[in-house]
Amino acid sequence: MANFDPTEASSSDIRAVARVGQILALFGPRVLELTAADVAERTGLNRTTAYRYCASMVAAGILERGTRRGTFALGGLMLELGIQALGRQRIVEIAGPHLRKLRTAVRMTAVLSIRGATEPVVALVEEDTSRMVVVTVHAGSKLDMTAAQTHLFLAYADPSALDASTEGMSAVDKARLESEIYSARRQGFSIARHSGGLFAMAAPVFDEQGMCATVAILGAGELDLATALDQLLATATALSDELKAPGEGPHADL
């Protein structure tokens with residue numbers, strides 16, 4: 001009989017779970033389907049191993065066969081778990097009216113982002129269509145290091161989160177990011193400007209445990225940013241107050 005090492009099996013299981021998480025992280029609002037070759041290229045697995053992982057995840061309900069031949073998409077189990085996870089985030093449940101009010105007041109797209117596994121994730125979007133140019137983002141999008149929301153999440157996070165986020169960055173890029181994070185923490189809000197005259201302004205939302213989300217507005221061109229910032233901060237404060245108020249959630253009267 002072959003020798004069985006429980007420690008070795010445990011390490012193998014942990015690596016397999018990590019691979020599953022890595023594969024799932026490849027999907028997003030703009031990446032709905034992937035082939036085994038896509039998975040292999042983006043994870044460093046060989047194609048045969050990537051296919052075996054994807055096929056096993058289909059059998060478990062984590063993935064399902066995509067609409068195109070040879071592709072895989074997120075499965076029903078992930079949909080169920082995603083809905084349950086969002087259901088635990090009370091901020092997502094109560095933020096809708098606040099975002100709509102903010103969108104109307106500033107005539108910009110209003111966005112709520114929550115903490116994801118590695119980056120902030122857009123949870124709710126209220127698009128402003130009153131202008132010629134609509135600036136928006138897809139719900140489910142993961143935000144990168146240039147996003148105003150990301151700067152705030154890192155500003156209020158444990159220092160180890162910043163270390164993990166800046167791993168592999170050049171000294172120049174790391175210094176720039178640290179400056180943005182410092183400013184966000186000192187000011188209590190963050191403004192990020194992007195190419196094409198696009199910009200985002202974000203403010204933190206707090207519950208009893210600390211910062212739990214950000215509310216942001218997206219715009220373009222030269223707008224009245226001072227007034228917009230006042231409205232943004234007022235919205236973030238109103239959300240924080242509602243989250244901290246016991247017994248005043250949307251089901252309080254039931």
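Q: If contact means heavy atoms within 4.5 Å, what percentage of the contacts in the chain between residues at least 6 apart in sequence join residues at least 24 apart?

A: The share is 53%. The model is predicted, so local features need pLDDT of at least 70 and side-chain atom pairs count only at pLDDT 80 or more, while totals for chains, interfaces and linings use all residues. Residues are numbered from 1 along each chain as its sequence is written, and side-chain values use heavy atoms, with hydrogens and water left out.

Q: How many helices and strands are in the chain?

A: Elements are DSSP runs numbered from the N terminus: helices are H or I over at least four residues, and strands are E over at least two. The chain has nine helices and eight strands. Its C-alpha trace spans about 75 × 55 × 40 Å along the principal axes.

Q: What part of the chain counts as buried?

A: Buried means under 20% relative accessible area, exposed means over 50%, and partly exposed is in between, with a 1.4 Å probe and protein chains only. Of the 254 residues, 35% count as buried.

Q: Is helix α6 mostly covered or mostly uncovered?

A: Helix α6, residues 148-155, is mostly covered, with eight of its eight residues buried. Among them are Gln149, Thr150 and His151, together with Leu152 and Phe153.

Q: Which residues touch the most other members in the largest nonpolar core?

A: A nonpolar core is a set of buried Ala, Val, Leu, Ile, Met, Phe, Trp, Tyr and Cys residues joined through side-chain atoms within 4.5 Å. The largest such core has 28 residues, and those that touch the most other members are Ile91, Leu112, Val205, Val215, Ile217 and Leu232. Two or more residues of this core come from each of α5 (90-106), β4 (109-115), β7, β8 and α9. Another core lies apart from it, with 20 residues that include Ala147, Ala148, Phe153 and Ile181.

Q: With which residues is Val215 in contact, leaving aside its neighbours within four places in sequence?

A: The partners of Val215 include Leu99, Leu102, Val111, Met201, Val205, Leu232 and Ala236.

Q: How much space lies in the second largest pocket?

A: A pocket is an open set of points on a 1 Å grid over the protein atoms alone, where a 1.4 Å probe fits, with protein on both sides within 12 Å along at least five of seven lines; lining residues have an atom within 4 Å of a point. Points are joined across faces, edges and corners, and the volume is the space filled by probe spheres set on them. Here the second largest pocket holds about 420 Å³. It is lined by 21 residues, and Thr136, Val137, Leu143, His194 and Leu218 are the closest to its centre. The elements α6, β7 (198-207) and β8 (210-220) each give two or more residues to this lining. β7 gives the most, with three residues.

Q: How do the residues of that lining divide into nonpolar, polar and charged?

A: Ala, Val, Leu, Ile, Met, Phe, Trp, Tyr, Cys and Pro count as nonpolar; Asp, Glu, Lys and Arg count as charged; the others, Gly among them, count as polar. The lining of the second largest pocket has 11 nonpolar, seven polar and three charged residues.

Q: To what number does the count of disulfides come?

A: A disulfide is a pair of cysteine sulfur atoms within 2.5 Å. By this rule the count is zero. Cys54 counts as buried because its relative accessibility is 1%, and Cys212 counts as buried because its own is 13%.

Q: Where is Gln231 found?

A: Gln231 is in helix α9, residues 225-244. Its relative accessible area is 33%, so Gln231 is partly exposed. Neighbours within four places in sequence aside, Gln231 is in contact with Leu102, Ala105 and Val106.

Q: Which residue has a positive phi although it is not a glycine?

A: Arg107 has a phi of about 55 degrees. Arg107 is in the loop between α5 and β4, and it counts as partly exposed because its relative accessibility is 37%.

Methods
Contact = heavy atoms within 4.5 Å.
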